[in-house]
2 protein chains.
Amino acid sequence: MLDSDERRVLAARLRDDVLDAVRRAGGRPELLATAPVEADVPVTVDDRSLSTAVNAALDDHGEPTAVVMADLGLATPRALSRLFDASGDVVLAPGRGGGTNALVVRHPAFRVDYHGASCRDHRRQAHEIGATLRELDSHRLATDIDEPGDLAELLLHGDGRAARWLRDAGFRLATGDGRVAVERHP
Amino acid sequence: MLDSDERRVLAARLRDDVLDAVRRAGGRPELLATAPVEADVPVTVDDRSLSTAVNAALDDHGEPTAVVMADLGLATPRALSRLFDASGDVVLAPGRGGGTNALVVRHPAFRVDYHGASCRDHRRQAHEIGATLRELDSHRLATDIDEPGDLAELLLHGDGRAARWLRDAGFRLATGDGRVAVERHP
């Protein structure tokens, strides 16, 4: 649906929207990136695997630390406040398809492992280390922008830079029977 | 992924799970169906279009009335309590793909129209009739079981009859990179 330059632009818009939402929910956002990026927040560059890099950041930051994926284009301050305010040693916001789109860590022994159905593995680990677990039920945090169908969610529910960019780029909802899709107009 | 007999069985399991969850959330469920079904709750048979039939039911029942789709296989008493307890003349739980998976109607002029991106149209209508609107952010209520990817959600998060049936029928999560899928083992 997008060429590689457009993907880069959309990813940056999504990241900026997420940083804003984290800030407005009372968080102090920092970026963890695989390569240098320009941003008005502290950036840590770590080109190791996602899980290794996030676990190193958890070591550095101590508890509580929240880890929020930068492509959660529907994240609002309200949805993130629910995440930050939920009680539990580990608070997990599952992503569609079994990922862990956002989490709060308040237990020193908890470590992430994003491979496969990570929300299931994170549940199991919390149990094994005796950490109390809370799962947050949020469509906004469950929706990472990965696939064409996710762009429809962004058009339906997004109101930040990413959704505006998508509309400016000619994307519109294509309604019919069943779930809506997106189509692009020149 | 399923033949037509299996689809019928899965649909019945989903419906029974939803009826249970509604009951445990404090609701008094009734079924609206296009043809006679056996159930231990009152059944209204109406073979007109979904919107026409639901609007007739809203006329009959008055306010407040909740309308919950029978294929919300991840619905829990907790998720439905959030829906029932939310304030607003209209409370809307958007479905993935722009549908309206569940709603509460407390305004006599509100009428459903499920065609297309109905959550967008329902938002607009609430505004036009001066009804206060609340949108409920729930992955569980956003997930209707329509497509193969939804079966993965049922295996990941479901613990009712439908999820058990799916496991007994040989379905398992297929993990890899990105979102998990389902595969079937004989």
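In the predicted model described here, helix α7 of chain A is followed by A:Gly170, whose phi is positive, near 95°. Helices (H or I, at least four residues) and strands (E, at least two) are DSSP runs, numbered from the N terminus. Residues are numbered from 1 along each chain as its sequence is written, and chains are lettered from A and ligands numbered from 1 in the order in which they are written. Because this is a predicted model, local features need pLDDT of at least 70, side-chain atom pairs count only at pLDDT 80 or more, and totals for chains, interfaces and linings use all residues, while side-chain values use heavy atoms, with hydrogens and water left out.

Helix α7(A) spans residues 161–168, and its buried residues are A:Ala162, A:Ala163, A:Trp165 and A:Leu166. These residues cover an arc of only 160° around the axis, which puts them on the same side of α7(A); the arc is that of the directions from the helix axis to the C-beta atoms. Buried means under 20% relative accessible area, exposed over 50%, and partly exposed in between (1.4 Å probe, protein chains only). The buried residues of α7(A) pack against α1 (4–24), α6 (148–157) and β7 (171–174) of chain A. One of them, A:Leu166, has a relative accessible area of 0%. Apart from neighbours within four places in sequence, A:Leu166 is in contact with A:Leu151, A:Leu154, A:Leu155 and A:Phe171, contact meaning heavy atoms within 4.5 Å. By comparison, 35 Å separates the C-alpha atoms of A:Leu166 and A:Arg111, which are 55 residues apart along the chain.

Helix α2 of chain A (residues 50–61) has 12 residues and reaches 16 Å from its first C-alpha to its last, close to the 16 Å expected at 1.5 Å a residue; the expected span is 1.5 Å times one less than the number of residues. Its buried residues are A:Ser51, A:Ala53, A:Val54, A:Asn55 and A:Leu58, and what covers them includes β1 (31–33), β3 (65–68) and β5 (100–105) of chain A. The helix is followed by A:Gly62, with a positive phi near 70°. In the loop between α2 and β3 of chain A lies A:Pro64, which a cis peptide bond joins to A:Glu63, with omega about -10°. Most residues other than glycine have a negative phi, and most peptide bonds are trans.

In chain B, an open sheet of 4 strands has the order β3-β5-β4-β6, with mixed pairing. Its edge strands are β3 (65–68) and β6 (133–135), each pairing on one side only, and the twist averages 15° from one strand to the next. Two strands pair if DSSP finds at least two bridges between them. Strands β3(B) and β5(B) run antiparallel and are joined by 4 bridges, with B:Ala66 opposite B:Val104. Likewise, 4 bridges join the antiparallel strands β7 (residues 171–174) and β8 (residues 181–184) of chain B, where B:Phe171 stands opposite B:Arg184. The hairpin of β7(B) and β8(B) has 6 residues between the strands, and B:Gly178 takes a positive phi near 75°.

Helices α1 (residues 4–24) and α7 (residues 161–168) of chain B pack at an angle of about 150°, with their axes 7 Å apart. That makes α1(B) roughly antiparallel to α7(B), since angles under 35 degrees count as roughly parallel, over 145 as roughly antiparallel, 65 to 115 as roughly perpendicular and the rest as oblique. Axes are lines fitted to C-alpha atoms, for helices over the stretch in contact, and angles run from 0 to 180 degrees between N-to-C directions. Residues making the contact include B:Leu10 and B:Leu14 of α1(B) and B:Trp165 of α7(B).
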